Amino acid sequence: MKSGADAALAEECAQDVMVTVWRKAPQFDATRASVATWIFTIARNRRIDMLRRDRRPEPEELTWGPEAEPDQLDSIVLQQESARLVAAMAELPEKQRIMIERAYFGELSHSEIAEQTGLPLGTIKSRIRLALERLRHTLS
Amino acid sequence: MTTMIRHHLSDQLLMGYSAGTLPEAFNLVVATHISMCDECRARLASFDALGGALIEAPEMASAMGSGALAATLARIKSADESTAVAPERKASKAVLPQPLQDYVGGDVDKVVWRNVGGGVRQAVLPTSSRASARLLFIPAGAAVPDHGHRGTELTLVLQGAFSDEEDRFGPGDIEIADEDLHHQPIAEAGVDCICLAATDAPLKFRGLLPRLAQPFLQI
């Protein structure tokens, strides 16, 4: 959570996230998301609250039929895919990976990244697009 | 609710929504589209997974202060902090998906419209100032004044349909317009068209009259 916030705030945020993870652990559904993804969404929401960033309304919940039994296989497949995604990220050319990291953790829009790095907006967009294409290709 | 949606969210919008970096007005459009579109809901899950993969990557795991674990454990033990329970959301046959209803305070019948001429009505929604959001009501067959854009304009169809120089947009479809697009949306005959529109810069109208009216209409 090195999100432009100072270190103390970042640490307070990280603690908040850990407490939330502990409390909400029973709600975690391994067939829908990996643990890391779940923690990422909790951390994102906490960060938005703490830094009073723009409100972020959630989509309407899907209305499933009667709750299906959690499928062990689903969660295994999901874990494998998450591991492949982490590996694929590590394989990205550094320039592309840095752009993705900034887009997620730099708290910056693409045009703000452009201002900060001095790179043309088109270059930033194309690096991110190439990174996504590469990840899709690796995972398909 | 998903019906033949042909125009979807861009990677850039989905990534920004996942990362939490978009202006509130754009977040609202993305959340509303995803409420109507299972395909983009699945794509969002992939972008959230990408965020998860980033925090799993070894170089991102920055060391926390030495007292952090003790402090966290202490807070977990003091279970007096109440945990907010999210309200149950139920599916409905409403025109406005739930995220929008939260802003309006109900469905379409609760919207306080203002006439902006030519039978077109709008209602500005309260969001942060980085971008503005408004509901548009375009009577069947009517046209929105011809305009271009300085920034990005998102238009999401909630009911009815409109066509412009680009294509036809039906319920759930989103048009992502930038500086290059100068367009005149015209509502299809039959059903009145209701859209959610968001923009991060004022629109540029071609005609003189809409330009004079612009400061008063907040668009």
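This is a predicted model: local features need pLDDT of at least 70, side-chain atom pairs count only at pLDDT 80 or more; totals for chains, interfaces and linings use all residues.
Residues are numbered from 1 along each chain as written, and chains are lettered from A in the order written. Local features need pLDDT of at least 70 and side-chain atom pairs pLDDT 80 or more, while totals for chains, interfaces and linings use all residues; side-chain values use heavy atoms, without hydrogens and water.

User: Why is Leu73(A) called exposed?
Analyst: Exposed means over 50% relative accessible area (buried is under 20%, partly exposed in between; 1.4 Å probe, protein chains only). Leu73(A) has 54%, so the residue is exposed. Leu73(A) belongs to helix α3 (residues 72–91) of chain A, a helix being a DSSP run of H or I with at least four residues.

User: What makes the nonpolar surface patch of about 250 Å²?
Analyst: Leu73(A), Ile76(A) and Val77(A) make the patch. Patch residues have over 30% relative accessible area and no salt bridge, and nonpolar side chains are joined within 5 Å (like charges within 9 Å).

User: Why is the pair Glu24(B) and Arg55(A) called a salt bridge?
Analyst: The rule asks for a side-chain nitrogen of Lys or Arg within 4 Å of a carboxyl oxygen of Asp or Glu. The N to O distance here is 3.8 Å, so the pair meets the rule. Across the interface of chain B and chain A there are four salt bridges.

User: What is the area buried between chain B and chain A?
Analyst: About 4,700 Å², with 61% from carbon and sulfur atoms. Buried area is the accessible area (1.4 Å probe) that two parts lose on being put together, summed over both.

How values were computed:
Accessible areas come from the Shrake-Rupley method with a 1.4 Å probe; for residues, only the protein chains shown count as cover. Helices (H or I, at least four residues) and strands (E, at least two) are DSSP runs, numbered from the N terminus.
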